[in-house]
Amino acid sequence: MSKFSDNLKELRHSLNMNQKEFAALIGIAQPSLSGYETGNVSPTLDVLQEIAVKCHVSLDWLCGISSTQNNLNSFLELEEINEIKYEIDILIRLK
């Protein structure tokens with residue numbers, strides 16, 4: 001399996017979703033999701049973007065380029081060296 005396949009499956013499990021539910025969330029067919037998770041099928045860029053946006057993860061993490069699941073660490077690093085100032089509202093989704 002590829003790092004993408006592993007990360008996709010990890011993401012789905014972290015959301016406590018089965019393949020059918022996760023596929024519906026990102027707007028694809030369940031067999032396509034199964035193919036992505038086994039590494040037998042590669043997603044299009046549109047599908048990758050949809051996963052990243054809907055699940056609030058970075059494309060770098062999803063594709064195995066980064067070990068950081070979201071981009072918050074990048075903002076924090078820039079803030080530490082006074083390169084960026086920002087306000088963050090954090091919403092916690094309760095299930």
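Predicted model: local features only at pLDDT ≥ 70, side-chain atom pairs only at ≥ 80, totals over all residues.
1. Helix 1 spans residues 3–14, which is 12 residues. From first C-alpha to last, helix 1 reaches 16 Å, close to the 16 Å expected at 1.5 Å a residue. Just after helix 1, Asn16 has a positive phi of about 55 degrees.

2. Buried residues in helix 1 are Phe4, Ser5, Asn7, Leu8, Leu11 and Arg12. They lie on the same side of helix 1, because the arc they cover around the axis is only 165 degrees. An α-helix has 3.6 residues a turn, so residues three or four places apart point the same way. The cover over the buried residues of helix 1 includes helix 2, helix 3, helix 4 (45–55) and helix 5 (59–62).

3. Helix 2 (residues 19–26) crosses helix 3 (residues 30–38) at roughly 105 degrees, and their axes come within 8 Å. Helix 2 is therefore roughly perpendicular to helix 3. On the helix 2 side the contact involves Gln19, Lys20, Phe22 and Ala23; helix 3 contributes Gln30, Leu33, Ser34 and Glu37. By class, the residues of this contact of helix 2 with helix 3 are 3 nonpolar, 3 polar and 2 charged.

4. Helix 2 also packs with helix 4, at an angle of about 100 degrees and with the axes 9 Å apart. That angle makes helix 2 roughly perpendicular to helix 4. Phe22, Leu25 and Ile26 of helix 2 meet Glu50, Ile51, Lys54 and Cys55 of helix 4 in this contact. The residues of the contact of helix 2 with helix 4 comprise 5 nonpolar, no polar and 2 charged.

Definitions and conventions:
Residues numbered from 1 in each chain as written. Heavy atoms only, no water. Axes fitted to C-alpha atoms, helices over the stretch in contact; angles between N-to-C directions. Helix = DSSP H or I, 4+ residues; strand = E, 2+ residues; numbered from the N terminus. Parallel < 35°, antiparallel > 145°, perpendicular 65-115°, else oblique. Contact = heavy atoms within 4.5 Å. Nonpolar A, V, L, I, M, F, W, Y, C, P; charged D, E, K, R; others polar. Expected span 1.5 Å × (residues − 1). Buried < 20%, exposed > 50% of the residue type's maximum accessible area, 1.4 Å probe, protein only. Arc of directions from axis to C-beta.
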